[in-house]
Amino acid sequence: MIDNKSKRHYIAIIGGSISGSEAAFILAEKGYRVVVFEMNDLPYGKIEDGLPNWHINLRNKQEKNIDLKLNHPNVRYVPDVRIGKDINFDDLVNNWGFTVVILANGAWKDRALPISNIDKFIDHGLIYQNSLLHWFNHKHEPDYNGIQYKIKDGTVVIGGGLASLDVMKLGMIEMVQMELSKQKGIDIDLFTFEKKGILKILDGYGISLSDLGLKGMTLVYRRTAFDMPLKTPRDDSEESIQKAREVSNRLLHKYASNFIFEFVPLGSPIEKIEENGKLQAVVFQKNELVGGKILPLKGETFTLKTPLLISSIGSLPDRITGLPYDGSTLEMKNMNGYMVKGFTNVFAIGNAVTGRGNIQESKAHGTMMTNKIIDHHLEKEDLFEEWLVNYNENLKSVVQEQIEEIDKEIKSKEIMPDEIIEGILDKSEALQKKIGYTTYEKWIKFKTPIRLEDILKNN
Ligand SMILES: Cc1cc2nc3c(=O)[nH]c(=O)nc-3n(C[C@H](O)[C@H](O)[C@H](O)COP(=O)(O)OP(=O)(O)OC[C@H]3O[C@@H](n4cnc5c(N)ncnc54)[C@H](O)[C@@H]3O)c2cc1C
């Protein structure tokens with residue numbers, strides 16, 4: 001007989017990363033039992049598969065934090081189960097008996113490039129950021145059997161923001177590292193490249209990019225470098241906005257210079273050019289900015305020939321059959337809500353709700369952190385790390401607020417009879433057993449792949 005009242009509610013969380021682990025921990029501390037369903041072996045989401053693997057300390061720290069939260073006696077971690085595929089969402093909501101189901105599945109669907117029929121070139125001329133990063137972070141693993149990409153000279157990247165700058169760094173390092181080794185017999189590891197920058201390294205050997213037969217990559221952004229969201233203004237004053245714009249502009253050009261890539265502002269992709277079934281070029285609409293708005297310059301276009309196109313224009317929540325969507329956004333009961341439309345027991349938290357925009361703007365904490373960054377680290381190269389820490393801290397505090405509200409909903413629901421709780425325990429245990437899962441700690445140790453830095457250390 002289960003006596004504690006909180007223990008008589010079982011909560012399902014979909015996704016185990018920053019949002020899911022935060023939610024699971026808060027609920028577990030309140031005495032609720034929680035099952036976290038995670039589609040991958042590891043619960044680290046974008047930290048493991050989205051953040052380029054040179055961010056070693058940040059990755060390790062954030063992953064350790066997720067471990068501390070999920071390794072809680074009231075949390076049952078069920079990996080390798082994708083809700084919507086391995087378990088139908090309807091089944092989870094209607095038949096398992098959970099008091100509430102919380103979506104913390106993040107944003108894993110690459111925003112589609114606005115070029116008609118371009119997706120037929122996926123992995124044959126077009127790479128979206130999520131697959132690119134997955135390959136980049138895992139390709140060194142001895143048992144990696146995913147798709148193999150090759151960054152080609154002249155690659156065009158479409159995007160803006162810090163993640164797209166990481167994509168530029170990644171691509172340029174890949175090419176230069178390979179050519180330097182092949183043509184000059186000089187082997188330099190990824191971490192050195194990332195730390196020093198390509199320009200400094202090549203200068204040190206008296207070699208230029210063109211000596212290696214390379215022309216480099218090009219980043220195309222629909223606005224200007226001043227408009228890149230690399231810096232958040234300290235406040236709404238004209239002076240702060242202007243200062244942030246100038247910092248963004250300086251940063252972009254600093255990155256472009258250190259990693260030797262071209263930057264083309266004010267272009268939006270509109271058309272593809274193909275020949276014999278191969279992507280040859282992309283046509284861009286020239287834009288002007290009027291009062292901050294992007295306006296197409298009538299009849300003015302430019303074309304960039306490219307052997308490879310990379311799209312780095314952001315991710316949106318992935319669709320799960322059985323849930324209501326309005327376009328790419330999950331439909332909620334009200335604008336700032338967390339309850340999913342059409343349900344009284346399904347909630348969405350973190351990035352699973354709307355993607356990142358709302359979260360960044362919604363929290364004072366985030367603004368405070370951003371100001372701190374502007375003050376103390378004005379033009380440091382590890383800006384992406386600062387941004388991500390800020391973003392994730394912000395996300396966690398949003399999740400904390402959302403969970404407090406969801407807690408009120410849970411308390412208003414009927415407690416569960418023993419047989420429902422036992423049913424959930426049995427079913428989730430069967431899923432764990434099927435894959436040989438015993439304890440959280442053992443599983444994580446077993447499934448964490450060999451890290452590139454460890455391979456390099458041992459060589
Ligand atoms: C390089 C980079 C780019 C970024 N770009 C964006 C962006 O474009 N948009 C944005 O909103 N945020 C973006 N972020 C921010 C990022 O999403 C946050 O830093 C943070 O990782 C979000 O945490 P989360 O827990 O909400 O989501 P995630 O880290 O994405 O975690 C979601 C978890 O849910 C799991 N999951 C997903 N679907 C299912 C399912 N059906 N069943 C079971 N498990 C499932 C995933 O495997 C994952 O572990 C980016 C971060 C990085 C590092």
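User: Which helix supplies the largest share of the shell around the ligand?

Analyst: This is a predicted model. Helix 1 (18-29), helix 2 (45-49) and helix 13 (383-411) each supply at least two residues of the shell around the ligand. The largest share is five residues, and it comes from helix 13.

User: How many residues surround the ligand?

Analyst: By class, the shell has 16 nonpolar, 14 polar and four charged residues. The closest are Ser19, Glu38, Trp108, Ser315 and Asn392. The number surrounding the ligand is 34.

User: How much of the ligand's accessible area does the protein cover?

Analyst: An N or O atom in the Ser19 side chain is 2.6 Å from a ligand oxygen. For Trp108, a polar side-chain atom lies 2.7 Å from an oxygen atom of the ligand. Of the 980 Å² of accessible area that the ligand has on its own, the protein covers 98%.

User: Where do the buried residues of helix 15 fall, seen down its axis?

Analyst: Helix 15 (residues 440-447) has Tyr440, Trp443 and Ile444 as its buried residues. Seen down the helix axis, they lie within an arc of 95°, so they line one face of helix 15.

User: Which exposed residues does helix 15 carry on the face turned away from its buried side?

Analyst: The buried residues of helix 15 are covered by elements including helix 3 (56-70) and strand 3 (75-78). The face turned away from that buried side carries the exposed residues Glu441, Lys442, Lys445 and Phe446.

Conventions
Residues numbered from 1 in each chain as written. Predicted model: local features only at pLDDT ≥ 70, side-chain atom pairs only at ≥ 80, totals over all residues. Heavy atoms only, no water. Buried < 20%, exposed > 50% of the residue type's maximum accessible area, 1.4 Å probe, protein only. Helix = DSSP H or I, 4+ residues; strand = E, 2+ residues; numbered from the N terminus. Arc of directions from axis to C-beta. Contact = heavy atoms within 4.5 Å. Near = heavy atom within 4 Å. Polar contact = N/O pair within 3.5 Å; in protein donor to acceptor, adjacent residues only side chain to side chain. Areas by Shrake-Rupley, 256 points an atom, 1.4 Å probe, with all protein chains shown as cover. Nonpolar A, V, L, I, M, F, W, Y, C, P; charged D, E, K, R; others polar.
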